[in-house]
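Work through the exercises below with the sequence and the model in view, and try each task before reading its solution.

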Amino acid sequence: MKKSSVIQFIKFGLVGVSNTLVNYLVYVIFVSLGVHYVIANALGFIISVLNAYFWGSRFVFKEDETKEKRVWWKVLLKTYASYALGFGINTVLLVLWIDILDIGAYFGFVGDIIGWASGFISFLPEKMTAGEISEIIAPILNIFITVPINFVINKFWAYRQKDK
């Protein structure tokens, strides 16, 4: 792998952290407001892809002036399309982790930590069910699967530039 690709992947990772935080924050806000986790996930996706496009265009996949100029709206549409695959995988995995495997049953200590933290942070619940814990843990697990997929698709399709 070329050094420039490694640096680009690191930059993508940095943008991915901000993108993931935006996605997760939107997700948690809507889940805590009682919105179904699949809808909260969709809202997080829509907002976080805008974040990804903004930073991807300016920081990660800078335009090469020696190649054909990109059309911004085509790149935006391709960015949404490329992240749609990750969104689909993410949604399927959420259903798997939450509804089928009920991973919250294996992560009870997370509920204990959140319950302890509720003494300091008033909006946190004192007690959480396994299902509620699943809804918090599942998106974190999904990061390890969707981020590498999104990098490859963005690098080689969404932000690809043709030679002049």
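Helices (H or I, at least four residues) and strands (E, at least two) are taken here as DSSP runs, numbered from the N terminus. The model is a predicted one, in which local features need pLDDT of at least 70 and side-chain atom pairs count only at pLDDT 80 or more, while totals for chains, interfaces and linings use all residues. Residues are numbered from 1 along each chain as its sequence is written, and side-chain values use heavy atoms, with hydrogens and water left out.

**Exercise 1. The overall fold**

Task: State how many helices and strands the protein has, and in which order its elements run.

Solution. Counting the runs gives 5 helices and 0 strands, and from the N terminus on the order is α-α-α-α-α. Next, the C-alpha atoms fill a box of roughly 60 × 30 × 30 Å when it is taken along the principal axes. For burial, a residue is called buried under 20% relative accessible area, exposed over 50% and partly exposed in between, with a 1.4 Å probe and protein chains only; of the 164 residues, 38% count as buried. Finally, with a contact defined as heavy atoms within 4.5 Å, 79% of the contacts between residues at least 6 apart in sequence join residues at least 24 apart.

**Exercise 2. Two helix pairs**

Task: Determine whether α1 and α2 are roughly parallel or roughly antiparallel, and then examine how α3 packs with α5.

Solution. Axes are lines fitted to C-alpha atoms, for helices over the stretch in contact, and angles run from 0 to 180 degrees between N-to-C directions. Angles under 35 degrees count as roughly parallel, over 145 as roughly antiparallel, 65 to 115 as roughly perpendicular, and the rest as oblique. Helix α1 (residues 3-32) packs with α2 at an angle of about 150°, their axes being 8 Å apart, and α1 and α2 are therefore roughly antiparallel. A crossing is right-handed if the near helix is turned clockwise from the far one by less than a right angle, and left-handed if anticlockwise; the crossing of α1 and α2 is right-handed. To class the residues, Ala, Val, Leu, Ile, Met, Phe, Trp, Tyr, Cys and Pro count as nonpolar, Asp, Glu, Lys and Arg as charged, and the others, Gly among them, as polar. The contact of α1 with α2 then divides into 17 nonpolar, 8 polar and 1 charged.

For the other pair, α3 and α5 pack at an angle of about 150° with their axes 8 Å apart, which makes α3 roughly antiparallel to α5. The crossing of α3 and α5 is right-handed, and their contact has 17 nonpolar, 9 polar and 2 charged residues.

**Exercise 3. A residue in α3**

Task: Decide whether Ile 98 is buried or exposed, and list the residues it contacts beyond its neighbours in sequence.

Solution. Ile 98 is placed in helix α3 (residues 72-100), and it counts as buried because its relative accessibility is 7%. Leaving aside neighbours within four places in sequence, Ile 98 is in contact with Tyr 27, Tyr 37, Ser 134, Glu 135 and Ala 138. As for distance, Ile 98 and Ile 136 are 38 residues apart in sequence and 9.5 Å apart in space, C-alpha to C-alpha.

**Exercise 4. Salt bridges**

Task: Find how many salt bridges the whole structure holds, and describe the residues that form them.

Solution. A salt bridge is a side-chain nitrogen of Lys or Arg within 4 Å of a carboxyl oxygen of Asp or Glu, and a search of the whole structure finds 2. One joins Glu 63 to Lys 69, with the closest N and O atoms 3.3 Å apart; Glu 63 is partly exposed at 26% relative accessibility, whereas Lys 69 is exposed at 63%. Another joins Lys 67 to Asp 163, with the closest N and O atoms 3.8 Å apart. This pair links distant parts of the chain, since Lys 67 lies in the loop between α2 (37-60) and α3 and Asp 163 in the segment after α5 (130-158), 96 residues apart. Lys 67 is partly exposed at 28%, and Asp 163 is exposed at 59%.

**Exercise 5. The segment after α5**

Task: Identify which residues Gln 161 touches.

Solution. Gln 161 lies in the segment after α5 and is buried, at 11% relative accessibility. Not counting residues up to four places away in sequence, Gln 161 touches Lys 62, Glu 63, Asp 64, Lys 67, Glu 68, Lys 69 and Arg 70.
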